[in-house]
Amino acid sequence: MVLYALLILLALLPTASALEQEELRAVAVEVFRAISEAERAGGDVSELVLRLNEAIRLIDSEKEVDLAQAKVLLEQVRAQTSLVQAAGVQQTTKSYLDIGATLVVLGVVGVLVWVYGSQVFLRLWVRRRVGWRVERP
Amino acid sequence: MIEEEVKAVALVIIGLMGAVAVYPVLEASRVVEPFSELGVLGPYMKIGDYPRELVVGEEFNLYLYVGNHEGTTQYYRVLVKLGDQSMNVSNTMPLDAPVVAQYDVVLSNEFNSTIPITLSVGKAGLNQRLVFELYKYDVDSGGFVYHQRWNQLWLNVTSTR
């Protein structure tokens with residue numbers, strides 16, 4: 001009786017493993033969605049992609065140990081995704097602020113050039129030619 | 001007159017500086033022609049030396065090449081299907097045949113991957129068709145969609161050598 005139970009259990013083992021494999025594939029897809037969002041927010045996801053691929057490789061190996069390791073790896077990547085996303089938002093905001101500040105500075109310089117540019121140019125022109133004499137041809 | 005010219009030249013220079021500052025940011029996320037690549041390489045990682053004659057259950061090695069030029073990170077799935085010459089496959093319609101293997105890979109933009117694979121065919125037959133189809137995960141629909149890329153190998157599989 002015990003032997004039969006053991007045999008049944010052994011026969012079920014690959015099925016359980018295959019089920020776990022499918023579950024982990026679904027988790028990998030969820031993690032990918034989170035990575036996509038982080039990337040859209042401007043985050044650098046290259047490291048996360050490497051680790052997600054490592055998890056997928058472990059899932060494909062179908063070994064129990066590897067599946068457990070893949071599960072841990074996927075959770076780690078998922079946890080890091082929100083940090084990368086936050087960093088991305090911060091970086092994007094900073095780059096927009098930088099551009100805004102550059103455009104404001106250029107605008108102010110433009111106004112100054114428009115108002116005082118000619119006077120400054122002529123003053124410099126005259127200063128450079130101080131002492132010159134104009135002769136009648 | 002000179003005053004007007006000086007103003008105009010200065011403003012053009014300032015305008016150019018503004019364009020130089022803004023252009024890289026606007027252009028960074030723009031991809032002119034997004035596309036993906038799928039290739040099947042022979043056992044020596046080259047285009048060629050593909051198996052043609054096999055025995056049932058005989059294992060053979062190939063390499064899958066997948067490339068991402070879509071502009072963003074992509075989750076690809078390659079399905080390997082076994083069919084025959086009576087079945088159709090095209091850029092719009094995947095092969096209606098059983099899946100014999102599946103390979104997943106996630107690629108950043110402008111990255112590619114070459115995946116070693118080992119396959120075998122479980123039934124004898126002439127002109128069997130091993131089709132490799134590329135699927136891409138679509139974030140909006142929440143599923144893998146056929147990405148209009150496919151390759152095939154024609155195989156003659158015998159029960160004994």
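Tutor: Happy to! Across the interface of chain A and chain B the rule finds 1 salt bridge, a salt bridge being a side-chain nitrogen of Lys or Arg within 4 Å of a carboxyl oxygen of Asp or Glu. Arg25(A) forms this salt bridge with Asp104(B), with 3.6 Å between the closest N and O atoms.

A word on the ground rules: this is a predicted model, where local features need pLDDT of at least 70 and side-chain atom pairs count only at pLDDT 80 or more, while totals for chains, interfaces and linings use all residues. Residues are numbered from 1 along each chain as its sequence is written, chains are lettered from A and ligands numbered from 1 in the order in which they are written, and side-chain values use heavy atoms, leaving out hydrogens and water.

Now the interface as a whole. Contact (heavy atoms within 4.5 Å) links 27 residues of chain A with 26 residues of chain B. The two chains bury about 2400 Å² between them, 72% of it from carbon and sulfur atoms; buried area is the accessible area (1.4 Å probe) that two parts lose on being put together, summed over both. Phe32(A), Leu106(A) and Trp114(A) supply 24% of the area that chain A buries against chain B, more than any other three residues.

Next, the elements. Helices (H or I, at least four residues) and strands (E, at least two) are DSSP runs, numbered from the N terminus. H2(A) lies across E4 and E5 of chain B, at about 160° to E5(B); axes are lines fitted to C-alpha atoms, for helices over the stretch in contact, and angles run from 0 to 180 degrees between N-to-C directions.

On the chain B side, 5 strands form an open, mixed sheet in the order E2-E8-E7-E4-E5. Its edge strands, E2 (53-55) and E5 (99-107), each pair on one side only, where pairing takes at least two DSSP bridges. The twist averages 35° from one strand to the next.

Walking through the sheet, E2(B) runs parallel to E8 (residues 143-158) of chain B, with 3 bridges, and Val55(B) has Thr158(B) as its bridge partner. E8(B) and E7(B) are antiparallel, joined by 12 bridges, with Glu133(B) opposite Trp150(B). These two strands form a hairpin with 4 residues between them, and Gly142(B) in the turn has a positive phi of about 75°. Finally, 9 bridges join E7(B) to E4(B), again antiparallel, and Arg77(B) stands opposite Tyr135(B).
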